[in-house]
Amino acid sequence: MNQSVARGAERGNTKTIMFNPLASKKLARIEKAMLDAANYNEWRSLAMEHDVISRAEQWKACNDSGLFDSNQIMTRYRRLKDCMDKDDYEELLFTLNEGIHGNMAGMGSAQLYSHARFGTKKLIAEFVELIASALHRVVDAPDAEISREQKLNFFRRASHCYGRSSLSLSGGAGLIYFHHGVVDALFDADLLPKVISGASAGSWVSAQIGTLKDDELRAHFKNKRYDGRFFKAAELLRARSSSVVASARDDMIDSFVGDMTFEEAYEHTGRHINISIAPHEKHQNSRLMNAMTSPNVTIRSAVKASSSPSGLAPPVQLEAKDSRGRLKAYLPGRLWVDGSTAEDLPFKKLSRLYGVNHYIVSMINPAGLLYTMELNPKYQETLFRSLKRVYFTALKESVRNIRRWTGDQAMLGPLDFALGGFYQILDQSYVGDINISLDLKHLRLRKLLYQYRNDDEIQEVYRAGLTATWPKLEQVRMASLIGKEIDVCLEKLEVEAIQRDGARLAFNHPIL
C-alpha cells in the first residue's frame, strides 16, 4: 500500500482501496466466521487473515501516518536497539530515563486501532516490545555496570511516573453477564488489571474477582448465575415493600462473598478492588471503598450498599471487623446507597490512590452506553450526534435549574432528592481510554431486571462480553505491557533486596 492510500484509509476514505468481487466474498466469509469464533485464538487468526486480504496488513507495515509521530518513535527505537546491541548499559539507562509512557508521540491513540481487525502499526508494537525487553536488560545488567541501588531507584521512579491500567465495571443490573464475558476474556489473555473498580452490578463482579485466587477465578464466571425472582414487578407490587428486595438481594450477595474485609481480600489475591457507594443523606460525599481507605470494612456490606437503588431497596449501614475480628457498625448512623448514581467510574480517585493513568471500561449502564457510542473512532461526526450532545447538555442544565427552584422554595423534598440523583447520572463521565460496551440490541428492560427466558439468553449476553473484548485485547496488551513489566522487574529487585538483607542479618547474628 502506498503512502497516499494509507493516509486515505486513516481518514476513513475506504474508496481508495478497491477490492475485486472474489476478495469481497472472502472478507464477508471471514467476518461471519469471526462472529462465530469459538475462542480468541480462532478469532485472532481470522482477523489477521482479514487484514491480509483487506490490505490492512500493508497499512500496518507503513510507518508514515498522520495519527502519530512515527519519526520520533523510529529515532528512539534505533537508539534503544543500538544500546542493547552494544551492551552499552550506561547509555541504555540514560535513554530510558529520558522518559517512557504509553502515549509517546501519540502512539496510544485509539484511532490507530480502528484501521485493522487485529493490532496497529508494526512500528508501535515493535517499539513497545523493545522497551519491555530493555527493562529486563537493565534488571539483568551486571552490578558493575548498573548498581543495585541505581536499578531500584530507576524502577521505583518508573513505576511512579509510568502509572498503570485499571478495569472499571459499570452498574447495569441484570446485564451483569456482559461483565462476566469481559472479565473472562481479559483473564484468559493474562491482561486482567490488578486495580479494579465496580459500582452496583459491577461491584458484584469486583467482589468475586477480589476474593477468588487465579485457580478459582478461571472459568468461574462462565456458568455463574443470579436469581432474578426478587426483581419480578408483580411480586414487588404485591409486597409493596423494599425490604423484600433487600432480603433477596442480601441472600444473593451472601452466596458469593462472605465476611472478608478489603484488607483480607487484598492479602488473599493481591488485587486492589474498589467499590463505589453514594450517601443517603444530602451534603455528603460519595466514597470509594478499598483496602487503602477502608481496610476493615467487609466487602459484603459495601456491595450491598452499592446495590441499593433509592426507592427499590433501603439504604445500608456498613459493617467492619474490629481488632478481634468481631463485626461492628462502621460510621454508625450513616447510610449508603447505589454507587453508580454518584460515581459509576471513579477515575480521579483511582488515579490518586494507585497512580492509574489508563482506564479500561466495561459499560452496561444504559446512560453510559449513549456516551460510549459517540467515542467509537469508526463513527464519523454527524448532525444527529451533535444534536444529541446539545440535547444532553440542555437536559442537564434544566435539571440543575429545577433543583435550584425547588431548593429556594423549600418544597418537594423527595422530588429534589430524585432530581439530584438524576443530575449526578447526567453529570458523570462514562468514557475511558478503552471502552468495551454492550451492543444496544441486548438492552431490554426484562434483562435489566434479571428476567431471562432461558440460559441461552444469558449465554448470549456473556458471549457478547467475550466478542466485544477480543478486538480490544491487542490494544490492551500494548497499553499495559510496559507498566506490567516495570512491576515485574521492581518486584524481582525488591525480593532480591529482602533476601540479601535477610542473609546479611543471619550472618551478623548467628544462632548459638
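**Helix packing and burial**

Tutor: Helix α2 (residues 21–35) packs with helix α3 (residues 40–54) at an angle of about 160°, and their axes are 9 Å apart. Axes are lines fitted to C-alpha atoms, for helices over the stretch in contact, and angles run from 0 to 180 degrees between N-to-C directions. Helices (H or I, at least four residues) and strands (E, at least two) are DSSP runs, numbered from the N terminus. This is a predicted model, in which local features need pLDDT of at least 70 and side-chain atom pairs count only at pLDDT 80 or more, while totals for chains, interfaces and linings use all residues. Residues are numbered from 1 along each chain as its sequence is written, and side-chain values use heavy atoms, with hydrogens and water left out.

Student: How are α2 and α3 oriented to each other?

Tutor: They are roughly antiparallel to each other, a term for angles over 145 degrees, where under 35 counts as roughly parallel, 65 to 115 as roughly perpendicular and the rest as oblique.

Student: Which residues in α2 and α3 meet?

Tutor: In α2, A23, K26, L27, R29, I30, E31, A33 and M34 meet W43, L46, A47, E49, H50, I53 and S54 of α3; contact means heavy atoms within 4.5 Å. The residues of this contact divide into 9 nonpolar, 2 polar and 4 charged. Ala, Val, Leu, Ile, Met, Phe, Trp, Tyr, Cys and Pro count as nonpolar, Asp, Glu, Lys and Arg as charged, and the others, Gly among them, as polar.

Student: At what angle do α6 and α7 pack?

Tutor: Helix α6 (residues 89–97) and helix α7 (residues 122–140) pack at about 130°, with axes 11 Å apart. That angle makes α6 oblique to α7. Y89, L92, L93 and L96 of α6 meet A134, L135, R137 and V138 of α7. By class, that contact has 7 nonpolar, no polar and 1 charged residues.

Student: New topic: which residues of α14 are buried?

Tutor: In helix α14 (residues 262–269), the buried residues are F262, A265 and T269, where buried means under 20% relative accessible area, exposed over 50% and partly exposed in between (1.4 Å probe, protein chains only). They cover an arc of only 60° around the axis, which puts them on the same side of α14; the arc is that of the directions from the helix axis to the C-beta atoms.

Student: What do they pack against?

Tutor: The buried residues of α14 pack against α10 (201–211), β3 (272–279), β4 (287–289) and α15 (299–306). Just after α14, G270 takes a positive phi of about 80°.
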